[in-house]
Every structure is written in C-alpha cells, then in structure tokens.
Amino acid sequence: MTSVYQKINLWLLFPFVAIACSCAIKNGMETTATPQQQYNILFIAVDDLNDWTGFLGQYPQTLTPNMDKLAAQGMAFEKAYCAAPVCNPSRAAIMSGYRCATTGIYHNEDDVFSYPLIQQSLMLPQYFSKYGYQTMARGKIYHTPATGQHTWDVWSKTAGGYGNVKKEPGKMANGIPVGEMPENMDWGPTDLPFEETQDFLTADWAAKQLADKHEKPFFLACGLFRPHLKWHVPQAFFDKFNPDLLQLPLVKEDDLNDVAEKKPMPTKEYLTIKKYGKEKEALQAYLASINYADACIGHLLDALDKSKYRDNTIVVLWGDHGWHLGEKLRYKKFTLWDRAIRTSLLIKVPGMTPAGSRSGRTVSLLDLYPTLIDLCGLPPNEKNEGNSIVPLLKNPTTEWLHPALTQMGKDRNSLRNERWRYLRYEDGGEELYDHQNDPNEWTNLAGMSEYKQIKDALEKQLDDLLKKTKTVKK
C-alpha cells in the first residue's frame, strides 16, 4: 500500500480522511508536519461588506444571488463580528490570530509588520505554508494588496481600475459640492466594462488558479475592494436599483442623546447627505457596489464548480466589518455599535456543513485562524486568541459560550453575546443594549438599576477576556 500511496495524490482522492500524524513541540515552536486533513481553502474577503446580504435578510432590497447560492450550500452566521471596525486592525487580527489589545494594532496607519509580536509570529498563510500548503493571494487581504506579500508563497499584484465617472465642475460625482464632506465619500456609475474592472480581474486571476493543476493542497485568497468607498462601479449595477423605490434604514434623530461615546454628534457625511437629499442615492450606490462584488464572487465560484477541486475545497467568505448607512446619524464605520461591527460570514465545508444551515451563535472573525487549521488537521497554534468554531459547523445550535470582543482603540471595547451588547470606553462611559427587544440599539440601559446585574456580569466577562489578553507574550 505504501508504494501506491507514494504515486497517488491522496488529497484529491480522499479529501475527508484524517491522516494520523504526531507533531513535536520544540522551544515553543511547532515542527513541520504533513497536513492531516487535505482540504483546499478558498478564502474570499469583501471590503466594507456589512450584513446586507440576501442570505442574512437584514435588508430586503439587496441583490446577492451568488453569495446566496453559496449560503444554500454551506453555513451562514447570523451574528458574526469583527475584531475592530477598521480595515487594518480587523484584518491584522484575522491574519495573525491576535486581538487588537495584544498587538497594539488599532488604526489604519499602524504598520502591521513593524510590530515585534507580528514579526515573531506566523500569519495565517505562513502557518499553512509551514505545514505543506501552497498559499496564493491577490487583492486586499491585509490592509492593502501589497501589505504582507512576503507571507504568501505566490502573491499577484492587482491590476485595472473601475472606470471614469461624470462630474460637474466644482462637484463630486454624486453631485455634492466639493469640500462639503470628505472627498472619499463619493459615488457614481462608471463607463468601464465589468470584465475590465479591478475586482473582476482579481476574481478572474483566482479562477485561473482553480483551473491549474496543483501538486499540494492550496490556500487561495481573493480580496475584493468593493463595496469600499468610493462607490464607483459600472452603470449596469446602478441600474438594478431605482433610488425612488429603496427603503431607507430606520433612523432615530435623537438616537445619540443617551450614548456614552465622546462627542456624540451627527457626522459631517450624515449632515451633508441629508442636506442635499442624497440618502437614497447613497443607498443605491452601496447596494450597487455589493451587487458588483457579488458578480465577481459568482465568477470565482463558477470556476470552482467547474474545477476538479470542487468537492474538497473549503470556501470562506467574510466582510472585514460592518457599515453605517445613516443609522446612529452617520455613514462609514469607526464605531462600536452593531451596524459598524456586524458583518457577513459564510463557511462551506464539503461533507460537514449542512446545506443551507444557519447559526445564531455569536462568533468573531478572530475565530477564522484556529477554525481553518482545525478543519485541515494542522497542529493548533497555541498563540491563537480566537476559538475554533468547528463544533458549530457540525451543529449550528451547539451550546456556545464565547462572546465576541470588538475593540476600537485602547480601552474602547464592545462585548456581544447572543442577546446583549456591553460597551465601555476609555473614560469609563458605558452602554448596554438588549438586542432581543432593541435590535437598533436605540435605548442605552447601562444607567438603569434594573439592568445592573446584567451589566456587571458582562463587565466581568470583558475584564476576564482582557486579563487573558495581557498574558500573551509579546
């Protein structure tokens, strides 16, 4: 039997068979070993994608047929939360397996690979490469396409753009005068064919990798920019959404009166968009950008379905954080409220995840690193601060006692379990929301005596998590 196995790629013929192996630990570092579970991984990142996907049902007029098709084949997570509501620290946490408080990476301007802890650790693709995988990437996986390129066996530079938009003199493409709000808060249809746009070219590159022959199991990452600003995508995607027929999110004009966040003022984007009556046009542009990303994803998933890897490839699709569309009197992210930190997460594991299943358990994107190495039978990385959600992938209703911690700057924390959200800011200000009765987080219960016991229990959970964070060696 040994001679036969030497000639045959077992990872193609027996993708669900665990191969027993022992892994010695030497000086705190794992020694190289053959992967036990020979799945491939297709890792799809979608920038600024909140939970407005069809399969989550959070906004009725979104159009995501390709993501919905994937959801019908795997498992959707209804309560998936980011480690930070900012691109750079969120992605640094996913790829390193560390919380923001552990690394100190909280902001977009932080240079991830200048941090000693990151330099001393194996990022997610490096861990897979160490254990025999071919790792490949194109697009935005870390904060920029070029960030962390050394962590991949194969790294491909992005190409292309999104096309030209029409502008009147002195105005942005959205018709708002230049200078009245940040320049990146712009939108408008472009003149470039879909197949020539940047995200399509990124997805097409990944599709071509799926058509190739691979001697090793692979970890293939595809990072899409849209729906990140600017919302410039081809005209055809705007045409699918008539702004006059769109339903605006519910907005409570006095929503900030009881929050503990410093300077709880409506943002400039919110005030300007409202001033010019552009709320539905902004909504149209965000939905168009999501639909554009979905079309790129469809192209990639079609390539997987046509490939010889379709039955032994794990597919993971995630947005790096949420997004405000007027809720809490703001646009963009950069808050610890639900709209900014809840995102879309889909996982399909051949032979494991029940088709069309959903889990209402609270999970964190920090869980992706330990989950993927668990699924692929690699030795655990003891430095990971997330939790493997493999038990939920097998049974979405399994008891799960791990709340999601989200951080936005030092000592600015949000803790979310299945019902409650507790927030505590650096000055000690607190917020408490009951998602069973207040899904929009309109009423801060933190100062009400009848909720003190709940608040104190959540605060203790938060402190316990933060104490564990401090024990990680930097």
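1. Leu-405 has Leu-415, in strand S17, as its bridge partner. The model is a predicted one: local features need pLDDT of at least 70 and side-chain atom pairs count only at pLDDT 80 or more, while totals for chains, interfaces and linings use all residues. Residues are numbered from 1 along each chain as its sequence is written, and side-chain values use heavy atoms, with hydrogens and water left out.

2. Strand S17 covers residues 413-416 and runs antiparallel to S16, to which four bridges join it. (Strands are DSSP E runs of at least two residues and helices H or I runs of at least four, numbered from the N terminus; two strands pair if DSSP finds at least two bridges between them.) Besides the Leu-405 and Leu-415 pair, Ala-404 is bridged to Arg-416 of S17. The hairpin of S16 and S17 has five residues between the strands, and in this hairpin Gly-409 adopts a positive phi near 95 degrees.

3. On to the next strand: S17 is joined by four bridges to S18 (residues 420-424), again with an antiparallel course. Ser-414 has Leu-423 of S18 as its bridge partner. The hairpin that connects S17 to S18 passes through three residues.

4. These strands belong to an open sheet of four, in the order S16-S17-S18-S19, with antiparallel pairing. Its edges are S16 (404-407) and S19 (430-434), each of which pairs on one side only. S17 is covered on both faces: Asn-413 and Leu-415 are buried on one side, and Ser-414 and Arg-416 on the other. (Buried means under 20% relative accessible area, exposed over 50% and partly exposed in between, with a 1.4 Å probe and protein chains only.)

5. Helix H10 (residues 268-275) has Glu-269, Tyr-270, Thr-272 and Ile-273 as its buried residues. Their cover includes strand S7 (187-190), helix H11 (279-306) and strand S12 (331-332).

6. Gln-61 lies in the loop between strand S3 (40-46) and helix H3 (65-71). Gln-61 counts as partly exposed because its relative accessibility is 21%. Neighbours within four places in sequence aside, its contacts (heavy atoms within 4.5 Å) are Phe-241, Leu-245, Leu-246, Gln-247 and Leu-287. The C-alpha atoms of Gln-61 and Gln-284 are 9.9 Å apart, with a separation of 223 residues in sequence.

7. Val-154 sits in strand S6 (residues 154-156). With a relative accessibility of 29%, Val-154 is therefore classed as partly exposed. Residues up to four places away in sequence not being counted, Val-154 touches Gln-134, Thr-135, Met-136, Ala-137 and Trp-205. From Val-154 to Pro-116 the C-alpha distance is 24 Å, across 38 residues of sequence.

8. Asp-110 is placed in the loop between helix H5 (100-103) and helix H6 (116-119). Asp-110 is buried because its relative accessible area is 14%. Apart from residues up to four places away in sequence, Asp-110 touches Asn-88, Gly-104, Ile-105 and Tyr-115.

9. Three cavities of 30 Å³ or more are present in the structure. (On a 1 Å grid over the protein atoms alone, a cavity is a set of points where a 1.4 Å probe fits but cannot get out; a pocket is an open set with protein on both sides within 12 Å along at least five of seven lines; lining residues have an atom within 4 Å of a point.) The largest cavity holds about 100 Å³ of space. Among its 13 lining residues, Glu-327, Lys-328, Arg-339, Asn-440 and Glu-441 lie nearest the centre.

10. The largest pocket contains about 420 Å³ of space. Its lining comprises 21 residues, of which Trp-52, Gln-58, Arg-339, Pro-439 and Asn-440 are nearest the centre.

11. Of its 19 lining residues, Arg-99, Asn-387, His-402, Pro-403 and Leu-465 are the closest to its centre. Strand S16 and helix H15 (452-470) each supply at least two residues of this lining, and H15 gives the most, with four residues.

Terms used:
Points joined across faces, edges and corners; volume = space filled by probe spheres on them.
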